[in-house]
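User: Can you walk me through this one? I have the file open and will ask as we go.

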Amino acid sequence: MKPFPCSFLFCVSLLFSDVAHATYHLKAGDLQLKTAQSYAQTRHNAQPVLRTLNIAKTDSPCRSRPLDLVFIIDSSRSVRPAEFEKVRIFLANMADTLDVGSDATRVAVVNYASTVKIEFLLKNHFNKLNLKKAIARIEPLATGTMTGLAIKTAMKEAFTEQSGARPRSGNISKVAIIVTDGRPQDHVEEVSAEARASGVEIYAVGVDRADMQSLQLMASLPLEEHVFYVETYGVIEKLTSKFRETLCGLDPCATGHDCEHICINSNASFYCKCQIGYILNADKKTCSPKQARAEVVEDPCKCEAMLVFQRQTQATIQQLTAKHILPVVSNGRQIEHLENTLGRA
């Protein structure tokens, strides 16, 4: 019996490897990195759980910077219907993690294959429920992978103030997330560079047969933070937590603060508040009990009686003065009434 060739043993070792699905980050300079990741990472011992888009589900929202966020998704024929459903679930999960609103994060979706379709604009949906309903209605297109055209269309039709993008003066971050599983059939380098130069931050997500060099040509720097690869659409949902961490940032109140009582998140910073019955000290961090102030409650009945007594007393004094106290003569002479009184005596 001939010994098994080394290549066969290698395949067997991969087959029985315990390595499951994985998500890869590409590092700068990895231009030759293709689909050489272990085939064992596409194997799963159990049958995959069938998951569908849950419109009602919501997770804790981001609590940091607002965004103008545009998803650019490849829906060419290579993306099977079940796989495209995974893309919709990924988009819906991303919506769950974002603080969606007119003054928070606005979301648009650009769908492309050989043609490009704007599914909805940044100005269309300002709450999660409507946003997720719109995501659920997205359908795959046809053949072709015109990624460059999709990026150009997003810049001309999605990232504009007429379409709901905030003015540059507002310092609202512009972010594009491109999801593709193939090699672009047009040029992406120049159009991507123009988009980045205009202030759009680009994340590139490659699935399965995606061309890694094209992903790197599209993405912003540093590449290790903006280029991702997943081996199947079945694990693309795992990127949700990564994008949540990247796009949402950290809650300053959760990462540590000096507030004695209550920390209030204010996007990139925080401020302190005190519990009821306390006031914030001059250091804006510690709290002190409010000083109790004694309040004198007047008895309205008692006050009224005193006023009556005062009026009666004043009237009596006036009567006594008129009867027994004589007016004083301005030149110093004695009082007439006093003289008469003495004379009678």
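Analyst: Keep in mind that this is a predicted model. A place to start: Tyr 203 and Phe 243 are both buried.

User: How are the rings of Tyr 203 and Phe 243 arranged?

Analyst: Their centres are 5.4 Å apart and the planes stand at 80°, so the pair is edge-to-face. Angles over 60 degrees get that label. Tyr 203 sits in strand β6 and Phe 243 in helix α8, so the pair ties together parts 40 residues apart in sequence.

User: How many aromatic pairs are there in the whole structure?

Analyst: The search finds four. One of them is Phe 90 with Phe 243, a tilted pair with 6.3 Å from centre to centre and 55° between the planes. Phe 90 is in helix α2 (residues 81–97) and Phe 243 in helix α8, which puts them 153 residues apart.

User: Is Phe 90 buried or exposed?

Analyst: Phe 90 has 0% relative accessibility, so it counts as buried. Phe 243 also has a relative accessible area of 0%.

User: Which residues make up the ring cluster?

Analyst: Ring pairs join Phe 71, Phe 90, Tyr 203, Phe 228 and Phe 243 into a cluster.

User: What does β6 pair with?

Analyst: β6 runs parallel to strand β5 (residues 173–180), with seven bridges joining them. Between those two, the chain passes through helix α5 (residues 189–197), giving a right-handed β-α-β crossover. β6 is also joined to strand β7 (residues 227–230) by four bridges, again in parallel.

User: What does Lys 174 touch?

Analyst: Leaving out residues up to four places away in sequence, Lys 174 touches Asp 68, Phe 159, Ala 165, Arg 166, Arg 168, Gly 199, Val 200 and Glu 201.

User: New topic. How many disulfides?

Analyst: Two. Cys 259 pairs with Cys 272, with the sulfur atoms 1.9 Å apart. The angle about the S-S bond is -80°, and the link is left-handed. Cys 259 is in the loop between α8 (239–248) and β8 (262–266), while Cys 272 is in strand β9 (residues 269–273), so the pair ties together parts that are 13 residues apart in sequence. Both cysteines, Cys 259 and Cys 272, are buried.

User: And the pair Cys 274 and Cys 287, how far apart are the sulfur atoms?

Analyst: Those sulfur atoms are 2.0 Å apart. The torsion about the S-S bond of Cys 274 and Cys 287 is about -90°, so that disulfide is left-handed. Cys 274 lies in the loop between β9 and β10 (278–280) and Cys 287 in strand β11 (residues 287–289), 13 residues apart.

User: Buried or exposed, for Cys 274 and Cys 287?

Analyst: Cys 274 is buried, with a relative accessible area of 17%. Cys 287 counts as buried at 9% relative accessibility.

Key. Residues numbered from 1 in each chain as written. Predicted model: local features only at pLDDT ≥ 70, side-chain atom pairs only at ≥ 80, totals over all residues. Heavy atoms only, no water. Pairing = 2+ DSSP bridges. Right-handed = clockwise from strand over helix to strand, strands pointing away. Disulfide = S-S within 2.5 Å. Buried < 20%, exposed > 50% of the residue type's maximum accessible area, 1.4 Å probe, protein only. Contact = heavy atoms within 4.5 Å. Phe/Tyr/Trp six-rings, centres within 6.5 Å; stacked < 30°, edge-to-face > 60°.
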